Amino acid sequence: RHLNELFYSQCPVQIIPRSVVVRYGDNVSADCKTSVLHEGMGWEASEGAVPMTKNQNLITWRVPELTEWDIKPLCYINSKRCNNNQCEIELPVTVFKTPDSVFISTVNHRGPMMEGQQYELQCDVHNVAPVQNLTVKWYKGQTLLKQTNFTDTIETPVNKTITLLIGPDRADDGAEYWCEAELDLGADGPQPHPTNSSKPLSIAVYYKPKHSSSTETIIQDDKVMLDCTVKANPAPMYTWDHLKEKNSSSVLKSSALSLGNYTCTATNTLGRDSKVFIVKGQF
């Protein structure tokens with residue numbers, strides 16, 4: 001049972017709706033009604049107060065543009081049905097504000113990231129309230145990585161900074177990270193929940209060449225190639241051993257070679273990796 005219902009037997013007024021959620025600067029209203037004889041009822045509030053009236057059983061608290069964060073409107077009644085001839089009920093009001101901005105950045109780092117090292121991303125959420133209803137979510141692409149909630153009970157707007165540690169690998173080259181601020185204001189709040197997202201942060205990852213296998217046997221044929229191509233960032237340079245002439249191509253025609261072993265090495269600024277091709281005849 002709601003607080004208003006529990007108090008009705010002790011304080012014979014009913015507030016409709018029982019609680020309100022309102023965006024800062026928007027209009028808000030609530031009715032207070034009674035079915036008992038009384039000597040006056042009214043609304044106490046720092047905005048939209050209604051003076052005591054004796055000849056009405058329904059009075060409305062109304063603010064066309066709410067600009068107070070911690071407003072606590074009270075509907076009161078003077079009646080012999082109350083203890084001490086007066087009682088009151090508070091209308092719970094949640095005032096919210098979506099962030100001015102949500103910004104993602106890397107902490108103490110610029111340029112490409114190195115595979116296997118750790119980096120810190122930062123999400124800055126500016127001017128949001130109430131922070132206890134805020135969830136900040138981290139995404140890589142469409143995958144949710146982490147979410148953070150807050151226990152602060154402050155009602156006025158605040159700034160929040162949240163960090164995320166990442167250890168990117170080669171599969172993350174070109175990945176987009178982003179963060180999102182979501183306000184969950186309960187059943188009385190806006191649906192779907194108000195969300196503000198950062199722009200995506202695209203990361204470049206540097207990684208050394210790595211062949212999927214260290215050797216490959218090739219049967220010599222006009223159509224068969226020795227393919228040393230490997231993914232790496234920055235793009236690798238290629239060198240071949242046992243060739244009569246220097247060749248920096250990643251692909252050689254098997255038909256142009258003598259039978260035997262050929263070692264290809266792919267090299268970039270982070271390292272090198274070699275692969276041996278064994279060229280055999282068809283018979």
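Author: Let's start with tryptophan 69: in this predicted model its relative accessibility is 15%. The cut-off for buried is under 20%, so tryptophan 69 counts as buried.

For tyrosine 24 and tryptophan 69, that's 4.2 Å centre to centre and 5° between the planes. Planes under 30 degrees apart count as stacked, so this pair gets the stacked label.

Tyrosine 24 lies in the loop between strand 2 (20-23) and strand 3 (28-33). Tryptophan 69 lies in another loop, the one between strand 6 (58-63) and strand 7 (74-78). The two residues are 45 residues apart in sequence, so their pairing ties together separate parts of the chain.

How many aromatic pairs are there by this rule? The count comes to 4, and one of them joins tryptophan 43 and tryptophan 61. Here the centres are 6.1 Å apart and the planes meet at 35°. Stacked needs under 30 degrees and edge-to-face needs over 60, so at 35° the pair is tilted.

This pair also links distant parts of the chain, 18 residues apart. Tryptophan 43 sits in strand 4 (residues 40-44), while tryptophan 61 is in strand 6. Buried or exposed? Tryptophan 43 is buried, with a relative accessible area of 1%, and tryptophan 61 is buried too, at 0%.

For a contrast, hop over to threonine 269, in the loop between strand 24 (260-268) and strand 25 (271-280). Exposed means over 50%, so with 67% relative accessibility threonine 269 counts as exposed.

Valine 128 brings us to strand 12, which covers residues 119-128 and runs antiparallel to strand 10, with 6 bridges joining them. Along that pairing, isoleucine 104 stands opposite cysteine 123 in strand 12. Both strands belong to an open, antiparallel sheet of 3 strands in the order 10-12-15. Strand 10 (101-106) and strand 15 (158-166) each have a single partner strand, so one side of each is left without a neighbour in the sheet. From one strand to the next, the twist averages 15°.

Terms used: Residues numbered from 1 in each chain as written. Predicted model: local features only at pLDDT ≥ 70, side-chain atom pairs only at ≥ 80, totals over all residues. Heavy atoms only, no water. Phe/Tyr/Trp six-rings, centres within 6.5 Å; stacked < 30°, edge-to-face > 60°. Helix = DSSP H or I, 4+ residues; strand = E, 2+ residues; numbered from the N terminus. Buried < 20%, exposed > 50% of the residue type's maximum accessible area, 1.4 Å probe, protein only. Pairing = 2+ DSSP bridges. Axes fitted to C-alpha atoms, helices over the stretch in contact; angles between N-to-C directions.
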